[in-house]
Amino acid sequence: AHPPRVRRRTTAARDMRSRDRGAVALAATGVLARVLLAILGWTETASERLELASPVDALARIREGHALWGMGQSPYGGSVLHAPPLYLALIGPLVANDAPAGLVAAVPFIVADLVIAVAIHAVANASNRTFRRGADASPASPASPASPAWVAALFLANPFSIASCAAASSAGFSAASLAVAVAGAIEGTPVVAGAGVAALAYLGDPTCAALT
């Protein structure tokens, strides 16, 4: 027979897997909501809301910068554009005025949210490992660890994160870089953490100064 501590751990893992099925469905619903908003053309409306996009990272700035680039003028000659050149080269053609801001344009922003969800999942996993070590030291603790899948799913299903993704703001990529940097640091993987900080610095996010 297994010791009581092993049985408790096995039962907790089984219960968590059972709960995670609902988390997967919730996460899929959040991703589907992003896809539907893009298909229905809500990007134009959402991108004009100040709650979802600031004048610095709004979709209109990328469009203006891409238009200036197409006319052979420098998009960095004034205060129109603050996004880095690589971001403009990759995202600009997808959201240009002559291209409908539909599902294709929304894909990079949906991917950025998925990266954030994966990073949140990794952070929650690390938190659970710390919790289990504390539970082993104090078996009488009645609390149970949070499900990493549910933590990530709640982010993907959050109405504000869905609307922010629909707004196609470049802030989503800064958030993804920050999440990767934090997850890499907590997981003890310097390469991942460094990549997140480097991406954050390239995007010009001031948060990078606090991480270095």
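Author: Helix α8 passes helix α9 in a left-handed crossing, meaning that the near helix is turned anticlockwise from the far one by less than a right angle. The model is a predicted one, in which local features need pLDDT of at least 70 and side-chain atom pairs count only at pLDDT 80 or more, while totals for chains, interfaces and linings use all residues. Residues are numbered from 1 along each chain as its sequence is written, and side-chain values use heavy atoms, with hydrogens and water left out. Helices are DSSP runs of H or I with at least four residues, numbered from the N terminus.

α8 spans residues 171–187 and α9 spans residues 190–202; their axes come within 7 Å and cross at roughly 155 degrees. The two helices are therefore roughly antiparallel, a label for angles over 145 degrees. The axes are lines fitted to C-alpha atoms over the stretch in contact, and the angles, from 0 to 180 degrees, are taken between N-to-C directions.

On the α8 side, the contact (heavy atoms within 4.5 Å) is made by Ser-174, Ser-177, Leu-178, Val-180, Ala-181, Gly-184 and Ala-185. They meet Val-192, Ala-193, Gly-196, Val-197, Ala-199 and Leu-200 of α9. Nine residues of this contact are nonpolar, four are polar and none is charged. In this count Ala, Val, Leu, Ile, Met, Phe, Trp, Tyr, Cys and Pro are nonpolar, Asp, Glu, Lys and Arg are charged, and the others, Gly among them, are polar.

The structure holds two aromatic pairs, a pair being rings of Phe, Tyr or Trp (its six-membered ring) with centres within 6.5 Å, and edge-to-face if the planes are over 60 degrees apart. Tyr-87 and Phe-173 pair edge-to-face, at 5.3 Å centre to centre and 80 degrees between the planes. Tyr-87 has 7% relative accessibility and counts as buried, the cut-off being under 20% relative accessible area with a 1.4 Å probe, protein chains only. Phe-173 is buried as well, at 19%.

Phe-109 and Phe-173 form an edge-to-face pair too, at 5.3 Å centre to centre and 65 degrees between the planes. Here Phe-109 lies in helix α5 (residues 103–137), 64 residues from Phe-173. Both Phe-109 and Phe-173 are buried.

How values were computed. Angles under 35 degrees count as roughly parallel, over 145 as roughly antiparallel, 65 to 115 as roughly perpendicular and the rest as oblique. Rings of Phe, Tyr and Trp (its six-membered ring) pair if their centres lie within 6.5 Å; planes under 30 degrees apart count as stacked, over 60 as edge-to-face and the rest as tilted. Buried means under 20% relative accessible area, exposed over 50%, partly exposed in between (1.4 Å probe, protein chains only).
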